[in-house]
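Colleague: I am new to this structure. Could you walk me through how to read it, feature by feature?

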Amino acid sequence: MSNTKEAMPKKPLIIDCHGHYTTAPKALENWRNQQIASLGNPSAGPKAADLNISDDELRESIESNQLRLMKERGSDLTIFSPRASFMAHHIGDFNTSATWAAICNELCFRVSELFPDHFIGAAMLPQSPGVDPATCIPELERCVKEYGNVGINLNPDPSGGHWTSPPLSDKQWYPIYEKMVEHDIPAMIHVSTSCNACFHTTGAHYLNADTTAFMQCLTSDLFKDFPTLRFLIPHGGGAVPYHWGRFRGLAQEMKRPLLEEHLLNNIFFDTCVYHQPGIDLLNTVIPVKNVLFASEMIGAVRGIDPQTGHYYDDTKRYIESSKILSDADRFQIYEGNARRVFPRLDAALKLKGQ
């Protein structure tokens with residue numbers, strides 16, 4: 001019998017792949033309101049230089065909110081981007097969106113500089129309905145090269161619930177994909193505020209978009225054109241895991257390959273599912289290698305669940321309480337998969353000796 005002690009499994013970093021800056025200082029909202037109010041007369045609108053937010057204000061906005069909750073819940077690092085309602089690109093023209101995106105991306109970069117051990121950026125793109133997605137490339141390049149962003153948010157519906165853009169498989173999106181492949185970055189497929197009264201933003205529009213994006217990929221050969229392209233579908237994939245049999249059956253009728261081959265080398269899902277049965281379903285249906293830990297903190301659902309006494313979005317509790325996940329599975333969900341899907345994050349962590 002060997003006297004060699006078995007190596008203890010490495011304690012994972014808890015990497016939250018889906019965080020939004022929802023607690024920015026009030027000055028940002030005020031500036032945005034002025035910008036929107038002057039859409040008919042842009043020359044009268046505020047300039048980017050008019051917005052002044054100090055480092056102390058940024059620290060206060062983070063320490064009292066995201067950082068406090070991260071410490072309470074035991075998470076280590078958040079991939080941080082402008083909040084979903086900040087991504088309201090459908091308001092105004094390209095110049096309006098470009099200015100807004102640049103301001104929000106810079107704020108998230110400043111947060112990552114102030115708290116380098118806890119936050120790293122993902123870029124918001126200046127998308128507008130009817131505008132060529134290629135116009136987003138300068139901001140994408142800036143965020144990757146100057147800010148060290150490790151991913152982007154890609155909105156499949158810049159119209160805000162009216163779905164006027166072609167599907168994600170359309171060649172109009174290819175300039176964005178080419179840059180993603182060049183820089184080896186994934187995109188979180190995330191819509192913004194709904195302008196359509198039929199679709200509540202967080203309860204319908206988000207989940208509709210998650211499901212729609214998956215189906216657009218299923219019906220296309222996108223990943224034959226871009227074999228290394230990676231999409232992260234948030235909110236547990238919308239309806240996808242719950243209706244996995246439907247998607248498998250539709251793929252079969254369309255003479256598509258098995259979904260594991262057709263999509264699961266390129267599409268991943270996060271754990272922004274806010275009850276134990278939902279997390280268990282996700283991890284029963286979707287292979288562990290395709291699931292990344294996330295909470296969307298501070299995001300869509302902020303209250304306390306009266307059935308458990310804990311925050312709905314404290315998703316780490318659901319992963320820890322799972323009866324179907326092994327410690328090795330948890331390691332992949334918490335850290336391993338994120339480092340594989342976000343290679344630039346992995347490189348940044350290795351530079352820190354992590």
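Modeller: Start with the naming of elements. Helices (H or I, at least four residues) and strands (E, at least two) are DSSP runs, numbered from the N terminus. Asn153, for instance, is found in strand β5, residues 152-154.

Colleague: What should I know about the model and its numbering?

Modeller: This is a predicted model, in which local features need pLDDT of at least 70 and side-chain atom pairs count only at pLDDT 80 or more, while totals for chains, interfaces and linings use all residues. Residues are numbered from 1 along each chain as its sequence is written, and side-chain values use heavy atoms, with hydrogens and water left out.

Colleague: Is Asn153 buried or exposed?

Modeller: Buried means under 20% relative accessible area, exposed means over 50%, and partly exposed is in between (1.4 Å probe, protein chains only). Asn153 has 4% relative accessibility, so Asn153 counts as buried.

Colleague: Which side chain does Asn153 join in a polar contact?

Modeller: A polar contact is a pair of N or O atoms within 3.5 Å; within protein, one must be able to donate a hydrogen and the other to accept it, and residues adjacent in sequence count only if both atoms are side-chain atoms. Here the partner is the side chain of Ser81, at 3.0 Å.

Colleague: Now the strands. How do I read their pairing?

Modeller: Strands of a sheet pair through backbone hydrogen bonds, either parallel or antiparallel. Two strands count as paired if DSSP finds at least two bridges between them. Take β2, residues 77-82: six of its six residues are buried. Strand β1 (residues 15-21) pairs with β2 in the parallel sense over five bridges. Strand β3 (residues 119-121) also pairs with β2 in the parallel sense, over three bridges.

Colleague: Which residues stand opposite Phe80?

Modeller: Gly19 stands opposite Phe80 of β2. In β3, the bridge partner of Phe80 is Gly121.

Colleague: In what order do the strands of the open sheet run?

Modeller: Six strands form it, in the order β4-β5-β6-β7-β8-β9, with parallel pairing. Its edge strands are β4 (123-124) and β9 (291-292), each pairing on one side only. Inside the order, three bridges join β7 to β8 (residues 267-270), and the two run parallel. Ile233 has Phe269 as its bridge partner in β8.

Colleague: What about the aromatic rings?

Modeller: A pair of aromatic rings is described by the distance of the centres and the angle of the planes. Rings of Phe, Tyr and Trp (its six-membered ring) pair if their centres lie within 6.5 Å; planes under 30 degrees apart are stacked, over 60 edge-to-face, and the rest tilted. The whole structure holds 14 aromatic pairs. One of them, Tyr174 with Phe226, is edge-to-face, at 4.7 Å centre to centre and 85 degrees between the planes.

Colleague: Why does that pair tie together separate parts of the chain?

Modeller: Tyr174 lies in helix α6 (residues 174-183), and Phe226 in the loop between α8 (222-225) and β7 (231-233), so the pair ties together parts 52 residues apart in sequence. Tyr174 is buried at 11% relative accessibility. Phe226 is buried too, with a relative accessible area of 9%. Ring pairs link Tyr174, Tyr177, Phe223, Phe226 and Phe231 into a cluster.

Colleague: Where does His235 lie, and what is its phi?

Modeller: His235 lies in the loop between β7 and α9 (244-253). Its phi is near 55 degrees, a positive value in a residue other than glycine. His235 is buried, with a relative accessible area of 8%.

Colleague: Which other residue has a positive phi?

Modeller: Asp184, at about 55 degrees, although it is not a glycine. Asp184 lies in the loop between α6 and β6 (187-189). With a relative accessible area of 34%, Asp184 is partly exposed.
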